[in-house]
Amino acid sequence: MTAVRKPLMNSDEFLVWARDRPGRWELHDGSPIAMSPERVIHGDYKYRTARAFDAAISAAKAPCRFVLDSAAVRIDERRTYQPDLMVYCGPAARPDAIEIANPVILVEILSPSNALTDLRDKLAAYFTLPSVAHYLIVDPDKRLILHHARATGGDIATRIVSTGAIRLDPPGLEIAVAEIFSAT
């Protein structure tokens, strides 16, 4: 008996394939992967994070928008991810867009099922995109945020933040950590 390997998808094929599929999907090394169901705490922290970004964008009067849990980010021809939240600047995306081409900030909410991917694979992948200046990993269990920022010369600087504020330059936003970790 010979095993038959499923053909790999490229990002264009994946986005067409995933458009009308139920659930959330990502493309990992050419293979579509269904996202696991989320814990209630995951959804709660996505909401809190989105609320904090909405307030920060408004306070800064920045020409930016956040996208919560919907559009994809193409890494390359075999990887397309769907972050929990992203911020992009400039003209508004079309309402029917399923991909954001130039995100500035990407946010993932850590959970047991995605920890390794978010901490290793997505960290390396997101910073291959020239537009990405910040990658935040929110850990609801430890109540801290890993802030990875592109530094001068292309190095990635990492801070562990549990209090105070996170300054995100560019695009000139400031996020109060308490807004994310305070009880609703």
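His134 has Ala149 in strand 9 as its bridge partner. Strands and helices here are DSSP runs, numbered from the N terminus, with at least two residues (E) for a strand and at least four (H or I) for a helix. Two strands count as paired if DSSP finds at least two bridges between them. This is a predicted model, in which local features need pLDDT of at least 70 and side-chain atom pairs count only at pLDDT 80 or more, while totals for chains, interfaces and linings use all residues. Residues are numbered from 1 along each chain as its sequence is written, and side-chain values use heavy atoms, with hydrogens and water left out.

**Strand 8 and its partners**

Strand 8 and strand 9 run antiparallel and are joined by six bridges. Ile137 stands opposite Leu146 in strand 9. The two strands form a hairpin with four residues between them. Arg143, in that turn, has a positive phi of about 55°.

Strand 7 also joins strand 8, but in parallel, over five bridges. There, Leu106 is opposite Tyr135. Five residues separate strand 9 from strand 10 in their hairpin, and Gly153 in the turn has a positive phi of about 85°.

| Strand pair | Sense | Bridges |
|---|---|---|
| Strand 7 (residues 103-109) and strand 8 | parallel | five bridges |
| Strand 8 and strand 9 | antiparallel | six bridges |

How well covered is strand 8 (residues 134-139)? Six of its six residues are buried, meaning under 20% relative accessible area with a 1.4 Å probe, protein chains only. His134, Leu136 and Val138 point one way; Tyr135, Ile137 and Asp139 point the other way.

The strands belong to an open sheet of six, in the order 3-6-7-8-9-10, with mixed pairing. Strand 3 (64-68) and strand 10 are at the edges with a single partner strand each, so one side of each has no neighbour in the sheet. Direction ignored, neighbouring strands are turned by 15° against each other on average.

**Helix 3**

Strand 7, helix 3 (residues 115-126) and strand 8 make a right-handed β-α-β unit. Right-handed means that, with the strands pointing away from the viewer, the path from the first strand over the helix to the second runs clockwise. Helix 3 lies across strand 7, strand 8 and strand 9, at about 165° to strand 8. Such angles run from 0 to 180 degrees between N-to-C directions, with axes fitted to C-alpha atoms, for helices over the stretch in contact.

Asp118 is in helix 3. Its relative accessibility is 0%, so Asp118 counts as buried. Leaving aside neighbours within four places in sequence, Asp118 is in contact (heavy atoms within 4.5 Å) with residues including Glu108, Tyr135 and Ile137.

**Helix 1**

In helix 1 (residues 11-18), the buried residues are Ser11, Phe14, Leu15 and Ala18. They cover an arc of only 95° around the axis, which puts them on the same side of helix 1. That arc is taken from the directions from the helix axis to the C-beta atoms. Their cover includes strand 1 (25-28), strand 2 (31-34), strand 4 (73-76) and strand 5 (79-81).

Methods: Buried < 20%, exposed > 50% of the residue type's maximum accessible area, 1.4 Å probe, protein only.
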